[in-house]
Amino acid sequence: MERRKVGILGATGMVGQRFIQLMHNHPWFEIAWLAASDRSAGKTYGEACKWKLDTELPARIAGMTVMPNVPEGTPEGELPKIIFAALDSDIAKELEPKFAAAGCAVISNSSAFRMTTDVPLVVPEVNADHLAMIEKQSWRHESGGYIVTNPNCSAIGLVLALKPLEQKFGIESLFVSTMQAISGAGYPGVPSLDILGNVVPFIKNEEEKLQEEVGKLLGTLAGDHVEMLPAKVSAHCNRVAVEDGHTECVSIKFKQPATYEQILAAWAEFKPLSDLVHLQAWGHGLPTAPDEPVVYIDAIDRPQPRLDRMRGKGMAATVGRLRECPLLDWKFVVLSHNTIRGAAGAAVLNAEVLAMMGKLDPVKKVAR
Ligand SMILES: NC(=O)C1=CN([C@@H]2O[C@H](COP(=O)(O)OP(=O)(O)OC[C@H]3O[C@@H](n4cnc5c(N)ncnc54)[C@H](OP(=O)(O)O)[C@@H]3O)[C@@H](O)[C@H]2O)C=CC1
Ligand SMILES: N[C@@H](CC(=O)OP(=O)(O)O)C(=O)O
């Protein structure tokens with residue numbers, strides 16, 4: 001099968017680079033277009049980008065010209081209909097609708113439209129059914145375009161661990177305290193003199209995003225909107241001197257009683273995409289989905305970012321230290337890679353599911 005041409009908006013940033021790393025050899029997607037700010041447009045990608053990943057910048061990508069950040073900046077017919085977006089929220093608010101209006105499927109990583117009623121906020125293992133909401137977006141009838149979002153990087157690891165628990169026991173309330181890696185702040189990010197040997201107990205808007213996104217992700221699709229999960233969520237978000245990988249300490253109260261063994265079984269049995277992962281009809285399943293989205297590690301001092309963030313090629317959440325909580329019912333630690341599972345990998349997996357649903361072939365107008 002011919003690979004689908006895709007573009008990346010914000011291609012030179014931390015998340016943009018991960019998109020390139022994850023997709024330059026992707027079996028379904030071919031990177032055909034890169035865009036960033038006016039500072040970068042017109043340069044080659046190799047000139048414009050400070051490549052920060054530990055794999056080589058692919059030579060083909062280094063030689064590509066960075067395009068302006070608007071659909072009209074690209075000659076007619078050369079703009080891919082699938083656009084991965086890794087922009088700051090304020091910029092995304094302005095630019096993403098322009099690409100949707102130009103008939104593109106915008107697979108967004110930013111927070112700009114996550115809580116908008118008709119925009120799906122999706123982690124495929126958790127709420128793939130919410131993708132149906134794209135059909136409610138007005139662009140669908142005007143140009144065929146739409147916007148799909150993935151959550152905040154801390155919310156993704158957390159909801160992967162929570163989904164099987166919500167299904168089995170129901171969640172009444174939740175307390176989460178995060179230790180977030182510096183790569184989460186983009187490049188150059190937090191000044192070294194602020195973070196070296198230090199912890200910063202504030203990340204702008206992070207606690208609010210984490211609290212509300214969990215409600216939408218674990219909520220129920222009800223026609224044209226999502227009914228939020230009515231659980232109480234309290235988040236504390238902290239920046240720590242770790243390069244990659246967000247760690248979260250969680251205390252949880254359930255609606256139904258749950259034993260230690262039942263909780264471990266809920267995580268072990270959680271393989272919601274296994275039919276798709278192993279689907280042989282196309283010769284392969286979803287290329288980016290991990291076999292096991294949630295892995296429990298039975299060791300007294302795990303998970304740890306350096307040792308566990310690359311589980312499932314950076315797409316699995318690692319859970320550990322399940323024990324009784326004297327305040328709520330149970331407590332545990334969850335860790336996931338913030339720029340892979342928490343950002344670019346999440347968006348690529350959303351696109352793979354959309355491809356399987358036939359929503360990318362081609363991205364086209366639908367009748368009202
Ligand atoms: N890092 C992480 O772990 C996560 C990040 N996110 C979100 O992803 C998005 C990107 O984050 P990140 O990659 O870390 O950020 P960076 O600061 O590293 O990169 C920002 C990118 O946006 C581009 N840009 C800036 N201004 C404009 C503009 N006016 N028009 C077009 N492009 C522009 C930059 O281009 P140039 O090089 O030309 O300046 C660069 O490519 C943000 O919304 C962030 O909140 C989400 C989850 C996790
Ligand atoms: N704010 C997160 C990363 C991020 O960019 O989140 P969001 O996608 O919600 O803006 C962090 O610092 O680790």
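**Sheets and packed helices**

Helices α7 and α13 are roughly perpendicular to each other (65 to 115 degrees; angles under 35 degrees count as roughly parallel, over 145 as roughly antiparallel and the rest as oblique). Their axes come within 8 Å and cross at roughly 90°. Axes are lines fitted to C-alpha atoms, for helices over the stretch in contact, and angles run from 0 to 180 degrees between N-to-C directions. Helix α7 covers residues 153-169, and helix α13 covers residues 340-356. Cys153, Ile156 and Gly157 of α7 meet Arg341, Gly342, Ala343 and Ala346 of α13. Contact requires C-beta atoms, placed from the backbone, within 7 Å. The contact residues comprise four nonpolar, two polar and one charged. Here Ala, Val, Leu, Ile, Met, Phe, Trp, Tyr, Cys and Pro count as nonpolar, Asp, Glu, Lys and Arg as charged, and the others, Gly among them, as polar.

The model is predicted: local features need pLDDT of at least 70, side-chain atom pairs count only at pLDDT 80 or more, and totals for chains, interfaces and linings use all residues. Residues are numbered from 1 along each chain as its sequence is written, while chains are lettered from A and ligands numbered from 1 in the order in which they are written. Helices (H or I, at least four residues) and strands (E, at least two) are DSSP runs, numbered from the N terminus.

Five strands form an open sheet in the order β2-β1-β3-β4-β5, with parallel pairing. Two strands pair if DSSP finds at least two bridges between them. Strands β2 (29-35) and β5 (146-149) stand at the edges. Each has a single partner strand, so one side of each lacks a neighbour in the sheet. The twist averages 25° from one strand to the next. Four bridges join β4 (residues 105-108) to β5, and the two run parallel. Ala105 stands opposite Tyr146 in β5. Helix α1 (residues 14-23) packs on this sheet. It touches β1 (4-9), β2 and β3 (82-85), and its direction makes about 160° with that of β1. Helix α13 lies across β2, β3, β4 and β5, at about 145° to β4.

A second open sheet has seven strands, ordered β7-β10-β6-β11-β14-β13-β12, with mixed pairing. Its edge strands, β7 (199-200) and β12 (294-297), each pair on one side only. Eight bridges link β6 (residues 171-180) to β10 (residues 232-240), and these strands run parallel. Gln180 has Arg239 in β10 as its bridge partner. Helix α9 (residues 206-217) packs on the sheet and touches β6 and β10. The direction of α9 makes about 140° with that of β10.

How values were computed. Contact = placed C-beta atoms within 7 Å.
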